[in-house]
Each structure stands twice: as C-alpha cells, then as structure tokens.
Amino acid sequence: MPKYQKQAKKAALNANEPLYGFIPRRVTGAQVRSALEHDLNPFTKQQHFAQYKRILEARKKLPVYSQMDEFLEIFKNNQIVVVVGETGSGKTTQIPQFVAYSDLPHTRGKMVACTQPRRVAAMSVAKRVADEMDVQLGRQVGYSMRFEDMTEAGTTFLKYMTDSVLLQEVLDDPTLSRYSTIILDDAHERTLATDILMSLLKKVAKTRTDLKIIIMSATLDALKFQKYFSLAPASLFELPGRTHPIEVFYTQEPEANYAEAAIRTVLMIHRGEGPGDILLFLTGKEEIEDACRKIKLEADDLVNQDPDSVGPLMCVPLYSSLPLSQQQRIFDQAPKPTMPNRPPGRKVVVSTNIAETSLTIDGIVYVVDPGFSKQKVYNPRIRVESQLVSPISKASARQRAGRAGRTQPGKCFRLYTEKDFMTQLEEQTIPEILRCNLSNTVLQLVKIGVTDLVRFDYVDRPGPEALMRALELLNYLAALDDDGNITPLGSMMADFPLDPQLSKMLIISPEFNCSTEILAITSMLSAPSVWIRPPNARNQADAAKASFTVPEGDHLTFMNVFNQYLTNKGDKRWAYDNFLDMRALTQAENIQGQLERTMQQNDLPLLSLTDKRKLFQNIRQVLVCGFFMQIAHKEGDKGSYLTVKDNQVVQLHPSSGLDSRPEWVVYNEFVLTDRPYISGVTEVRPEWLLEFASNYFDLKAFPDGETKRALQRVQNRRLGRAEDSEISAVSKPRKNKK
Ligand code: CDP
Ligand code: MG
C-alpha cells in the first residue's frame, strides 16, 4: 500500500475526526450533534469559519433540530419515510443534512438528492445549506436545474435539484444508481414531475432495497402518500405545528382591482400597524415589479411628510427569473430608523407563490393575500395550455396566512370576502397532472418502457382525454408509431429537455440546412424574455425593439437578436443601449451550448445557408414541422385570426412584430389575458402545411369552414401543378424518342 494511502486510512480512523465511529445508516443523533460541534468541518477537514457557529445556533432553534434522534431512528428503520411539518420547521434545509450524516454518501460514491418543485427554491436553499455546512456552493453541496448545473462530479454529495431534472435523469439511469437517498420535497404541491417521480420511485424501491426515499410535505396530504406507498404508521415523521396565533381579516366587499387593493393594504399596514415585515402575494414578474415601484414611491412620500410616525420602508421583489443574488435580498434586514428615536423600518416582500411554501422568510408578521396565483390550465378539447391568473385554493390561503406567525403572533389580510372564501375557493389545489399538457411526460414514460399509460400506477390518474391528446400529438410528430411504440426519432426527442415540438425542430433542422438558426431560436424560446420596457422609456424601448424586427416573423426576430448579441458580446453597453436583458441573453447562450452538446451526442450537425432568402424559408418550414398544430388563419379582414382545427378567435399579441398580417401564421404560444392572443408569430405558407404535416392536415378529416376551404384551394392548386409536371415528365421522354 503506498504511503499516502496508508496515511489516508489512518486519518479516517483518527479518533479526533468529526465522523469517527460513524457507521452508515446506524448514525445516532448524539453522534451528529458532536460532529456539528467539532472544530473541524467533517467534509473539508478545515477549521470552521466564524459564521458557522452563528448559523448553527439558529439551526438549533428549528423544530426539526430537537427531533433529530427520532428522525434518524425512523430513517434507519424504514426504506420509505413520509415527513410532515409546517413550512418553516426546517424540513428542506435540515433533513437532507441529517440524511447526509447518516448515509455518508461521500464515502460511498453516492449522492443525496432533494428535489424542489421550483427553480428558485433549489438554488436558494442549496446556497443556504452550503453556508450552514460551511462549504462552497457547487462543491459538496450543489444544485441542478434545467440548463444550469452547479455541481461537481465526484465532490457533490448533497444535491438540490428541480423535480423535472431528476425525472430527466431517470431516462439515462432508470434505477437512479447515483443516489443513496432521494428526498421529494414539497410533495403536497403535486407538480407533474413530483407525481411521476413518486410512481417511478415506488417501483424502483422494490428492486433497489438500498435506496431510501423520503416524501416531505407541508400539509396533511401525508396520509395520501402513506397510503399510496402502503406504508406502516411507524414510517411517518411528524413535526409539531406552529405556535403563534394568526388573526385573519377579510374585506367587506369583493375588490375590483386586487393589485391596487394590495398596494393600499400594504401602505395601511405600514402606517398603522406595529413593527414586523410584510409579505404580499402577487402573480407574476410585471405585476410584482409594478407594485414594488408604487409601494416604494408612496412609502417614501409618507416618510417625508411625517418622519416621526412613519418608518422607512424597503420593498423586495421575489419571482423565479430573478438572479440568485437578488433573490437573496429577501433575507436582508429591514432598514434602520431614520433617526434613533424614530419608528423602525419595515421590509415588504412582494412575491409569487414561491414564498407560499418553498421559501421561509423570517420576521414576517403581516401577510396580504389577494387570493390569486398564476396556474397552468390545460384544456384538452382545444389542446391549449396556458398560465392563467386563477383563484387559489383554501389550502393555499391557509398556507399563506401561516407565513405570518413564524416568529410572533401575526395578521393576515385577505382581499376577498369571508363568504367568497367559504363558498368560492376549492378545498385543495388540483394536482398539476390533472390540468396540464402531458405530451412531454408521456414521451418520457414510453421511453423508459411504460407501455400501458392508462393503467400506470399514478398517484392521481389523469383523464383519458388528456392522455389521448398527448399520444395523438406524439404520433403526429412521429415520436410514437401508430401502435404507441417509441420511434428512433421519439427516443432522440426524449434526450432533449424540451417540449416535443422544439426537440422535433432541432432534430430535423439539419435536413433543412438551418440547424444553427433553429438552435438559436429554440434557445431564445427556452430563456426568459429578453425585452426590457422601463415605464419611463417605453418609446425608446419600442424603437430599439423595432430595429431588431424581421418582417417575416418573431422567430426570425429572436434569431436576429441572438446573433447580434453574439457579435456584440465584447461591448458591455450594447444590451443596455438596446433595452435588452443581458442576463436573459447570457442564459440563452448557455442553453444554446447545452443543447448543442445534446445535438452532438446525437450526431446532429450545425448547418446554415448563405442564401438568406432560402435560409429564412427553410427556417419557417422547420417551424411548421414542429408546430403544425399551432397554426392560425386570418379571419377575413377583421384583423383577427382563427386557430386551425379548434377555431378559436385570437389576436396577434401586442408584443409581436409581425405587422404585415399574413394569411397563415405559426405561433409559439396561446396567451389568455383580457382576451385570447397568440404570441411568437411567424408567417408560413399553406402549401407547407400540406407538404410537411400531411397527416395532420388531412383535408378529408378536416372540420368544415373557411380554413378548410382555403386549404382545399391550395390543395387543388398543388394537385393541378403536380398533374402539369407529370404531363411534362411523361411528354419529355416521348420527345426524346422522336
Ligand atoms: O422546509 P421548511 O419550510 O420546513 O423550512 P426550511 O426551508 O428548511 O427553513 C428553515 C429556516 O431556514 C427558516 O427559518 C428560514 O428562514 C431559514 N432559511 C434561510 O435563512 N435562508 C434560506 N435561503 C433558506 C432558509
Ligand atoms: Mg421547505
């Protein structure tokens, strides 16, 4: 044995080591506590930084900490454990660490995974846990989400990840052999990916008896999960509920404009209520940014008018596309009083649903709940999935209220009437699997060999119509054959972490010599929006946007922006001057790099054409090959469009740069706000529909109407031309014979 190895072995046995005497999965609470108090970091073998002890003291106050022994015992004795505890009890940050101390994954070449329904949570919690464990984020503790991997192979042993990334990993590694324990966090949120993972893990657990599974939930759904996994009562780990009472207030009358009412309520609290921070729930980025601006302006006015009775206010937004550093601002302290004897400052966090259960912000005493959130809604009849601002459920409303009572008694202001709460709100939020487009998931399931999708062991079974629609789309895309078997194309499509329409485009684009451009377009469609439109510079922003616009359509505009970004990357002011979001562009470039690697692995070359006219035409043809189910036809001269087959009347979204109002368009998204819109719109030719999606545009099976007649005319023209060319083809040889 070489000397260094002997030394390493000896070091491992050294009684001064923090993990001395630890036997995997036989570790006790006493052992973990003594390791936590040790001067050396067990994972880096370095002395702890000063902040380690400070954070450790805060961790000790979490309800979960005092039940460490009980948890480790249940974990030791059961393969599958259900953990239930109020939000803020320390589940997400502490349980994975307890598991890591018990599993000792770093000594066994395995990892502990903890899934999150939301990207923000995965990132933010990984950062917090890296701090708690006194390691660098991305090394021992990391996170992974679609298009962003902050882990180090061989070093990372605790990995926070989005549930959809773990689901994607199952495709390559069906037994999840890289993991010793998998924790599905916030399972009560019932996202599509978490639901499917529960089904898959239930099966894997039978063959991989060494794999442990923990299902964590903030609500009493736990019983449902226990039943689903047929677990014994002893496998339940329950944390005590919260201790502080919360007073709930309702409005007398329904509010006509909830965003305005919310701002008013925040200011009322700031003026009239005792110290404590405020959490306001709104539904999306624009709404949140707008509210923050207005609250800040009005609060500053209040302070200026009456600095002796109103304290300074800081307003922090929280939504998923914010960068990590800005997300972390929700944990900043409220501002200090402007002068020693004046009223204390207050922090207002204006957040999407992220703050409902995924992230806990200490110090919140007031919650303002307008009763809405953005939710995915799928209508299988018209095959439309959209993000709709919808009323929340009673369960959600209770969660939101609960955020007020973490550190002291709190108040929750519901901006709806008590009667509406009782009679209008659903009891529970409907699981995502029952209200979303299933095509991606169906493709993944078929790829891993699930043959009977109807009888698959779902936690909640999706409706047959939604399954049918998914199978139908995949069949039209040629990802599945007529018997429902996966085709080589479908198998390749499943390798891309994209919707099937996009992966289909990428895969066929080399045949049209425009894979470079389709890759750029796909990357831009997968990144957040790049356009910035500040309220005080709308006209300049619109002019800048117009300068990028390609007349044939928005997809080509996206490509143009992306290419110009690559050309101007050295120029730091370029994005700013053009009202473009640099971060979104960098993200698009990053996505491009990752998709390019998947293309390389599948031998898909990056091709382009120098003839621009031909190139643009080919790109638009590829769009048709992927999105032939998202075509709209102009409705006479009314300016509106009809979606093909489903006959929905839609308008071009104001964000679209397509001014020419062509007869036929392909669109990227159906958006429902004040009325139905289509966005991301590009002109196409009807002949392409018949040529590249002949199965779908089978006129014999087409519903009667103006669209069918228009297509019929095109068809007749095509047939006529085909006959012409046949005649000439036949006549030519004759001529030759002469
Ligand atoms: O998962 P659960 O809701 O049970 O609690 P948690 O997310 O583990 O939060 C436990 C504590 O960690 C809370 O007091 C949070 O405020 C704190 N925490 C934090 O300070 N910074 C973070 N980035 C995440 C959590
Ligand atoms: Mg949590």
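Tutor: Two strands count as paired if DSSP finds at least two bridges between them, and strands (E, at least two residues) and helices (H or I, at least four residues) are DSSP runs numbered from the N terminus. This is a predicted model, in which local features need pLDDT of at least 70 and side-chain atom pairs pLDDT 80 or more, while totals for chains, interfaces and linings use all residues. Residues are numbered from 1 along each chain as written, chains are lettered from A and ligands numbered from 1 in written order, and side-chain values use heavy atoms, without hydrogens and water.

Student: What makes β4 and β8 edge strands?

Tutor: Eight strands form an open sheet in the order β4-β3-β5-β2-β6-β7-β1-β8, with mixed pairing. β4 (148-150) and β8 (236-238) each pair on one side only.

Student: How do you know that β3 and β5 are paired?

Tutor: Four bridges join β3 (residues 141-145) to β5 (residues 158-162), and the criterion asks for at least two, so they count as a pair. The two strands run parallel, and Y143 has Y160 of β5 as its bridge partner.

Student: Which strands does α7 lie across?

Tutor: α7 lies across β2 (111-116), β3, β5 and β6 (179-184), and runs at about 100 degrees to β5.

Student: Why are α7 and α8 called oblique to each other?

Tutor: Helix α7 (residues 163-172) and helix α8 (residues 192-207) pack at about 40 degrees, with axes 8 Å apart. Under 35 degrees is roughly parallel, over 145 roughly antiparallel, 65 to 115 roughly perpendicular and the rest oblique, so α7 and α8 are oblique. Their contact (heavy atoms within 4.5 Å) is made by D163, S164, L166, L167 and V170 of α7 and A193, T194, I196, L197 and L200 of α8.

Student: Which residues does the "Helicase ATP-binding" annotation cover?

Tutor: The unreviewed UniProt entry gives that domain as residues 72-238. Over residues 72-238 the chain is 40% helix and 23% strand, with the end C-alpha atoms 13 Å apart.

Technical notes: Axes are lines fitted to C-alpha atoms, for helices over the stretch in contact, and angles run from 0 to 180 degrees between N-to-C directions. UniProt positions are given in the numbering used here, feature names are shortened, and annotations may be inferred rather than shown by experiment.
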